[in-house]
Amino acid sequence: MAQGITKFKCATIAEAEMAAGCGAPDMLLAYQPVGPSVHRLIQLVEDFPKTKFSAIADDAHVLRGLSATGVEAGLRLNVLLDIDCGMHRSGVTPGPSALELYRLISSLPGLKPGGLPRLRRTHPRP
């Protein structure tokens with residue numbers, strides 16, 4: 001942070017907690033939280049209100065679980081869609097399935113889609 005870095009990517013909840021404890025302003029959890037990790041993420045959001053936390057996801061079931069937990073906690077969780085860029089390690093294949101999942105993120109309560117800037121429409125929809 002002394003060098004001007006403001007955005008951090010963490011592989012574990014423990015790393016995210018450590019960085020937030022040091023005052024990191026923007027934190028990406030680089031895996032989709034499931035099981036106990038969902039509640040630990042919620043706890044981090046509550047414990048470190050000055051840090052913007054985001055997570056990735058590529059599965060509708062996971063998104064619905066994050067949504068329910070966010071609503072239960074009275075929070076909106078920032079979620080980025082994990083896209084498979086060709087390594088086939090994680091993420092959804094670009095195309096209709098990805099669009100469907102992004103729309104799901106956008107529509108579920110308790111979630112806030114991230115990663116894409118909000119675009120201003122300059123032309124009416126056809």
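**Strands, core and helices**

Tutor: Helices (H or I, at least four residues) and strands (E, at least two) are DSSP runs, numbered from the N terminus. The model is a predicted one, in which local features need pLDDT of at least 70 and side-chain atom pairs count only at pLDDT 80 or more, while totals for chains, interfaces and linings use all residues. Residues are numbered from 1 along each chain as its sequence is written, and side-chain values use heavy atoms, with hydrogens and water left out.

Student: What makes strand 1 and strand 2 a pair?

Tutor: Pairing requires that DSSP find at least two bridges between two strands. Strand 1 (residues 7–10) and strand 2 have four bridges and are parallel, so they pair. Between them the chain passes through helix 1, and this β-α-β crossover is right-handed; that term means that, with the strands pointing away from the viewer, the path from the first strand over the helix to the second runs clockwise.

Student: How many bridges join strand 2 to strand 3?

Tutor: Four bridges join these parallel strands. In this pairing, methionine 27 stands opposite phenylalanine 53 in strand 3. The chain goes from strand 2 through helix 2 to strand 3, again as a right-handed β-α-β crossover.

Student: How do you know whether methionine 27 is buried or exposed?

Tutor: Its relative accessible area is 1%. Buried means under 20%, exposed over 50% and partly exposed in between (1.4 Å probe, protein chains only), so methionine 27 is buried. Methionine 27 lies in strand 2. Beyond residues up to four places away in sequence, methionine 27 touches several others, among them Phe8, Ala16, Ala20 and Phe53, where contact means heavy atoms within 4.5 Å. The C-alpha atoms of methionine 27 and phenylalanine 8 are separated by 4.9 Å, although these residues are 19 residues apart along the chain.

Student: Which residues touch the most other members of the largest nonpolar core?

Tutor: They are Met27, Phe53, Leu63, Leu66, Val79 and Leu111, in a core of 29 residues. Helix 1 (13–21), strand 2 (26–29), helix 2 (36–47), strand 3 (52–57), helix 3 (60–73), strand 4 (77–81) and helix 4 (96–107) each supply at least two of its residues. Helix 2 gives the largest share, five residues. The name applies to buried Ala, Val, Leu, Ile, Met, Phe, Trp, Tyr and Cys residues joined through side-chain atoms within 4.5 Å.

Student: Why are the buried residues of helix 2 said to line one face?

Tutor: The buried residues are Ser37, Val38, Leu41, Ile42, Leu44 and Val45. Seen down the axis, they fall within an arc of 160 degrees, so they line one face of helix 2; the arc is that of the directions from the helix axis to the C-beta atoms. Helix 1, strand 3, helix 3 and strand 4 are included in what covers these residues.
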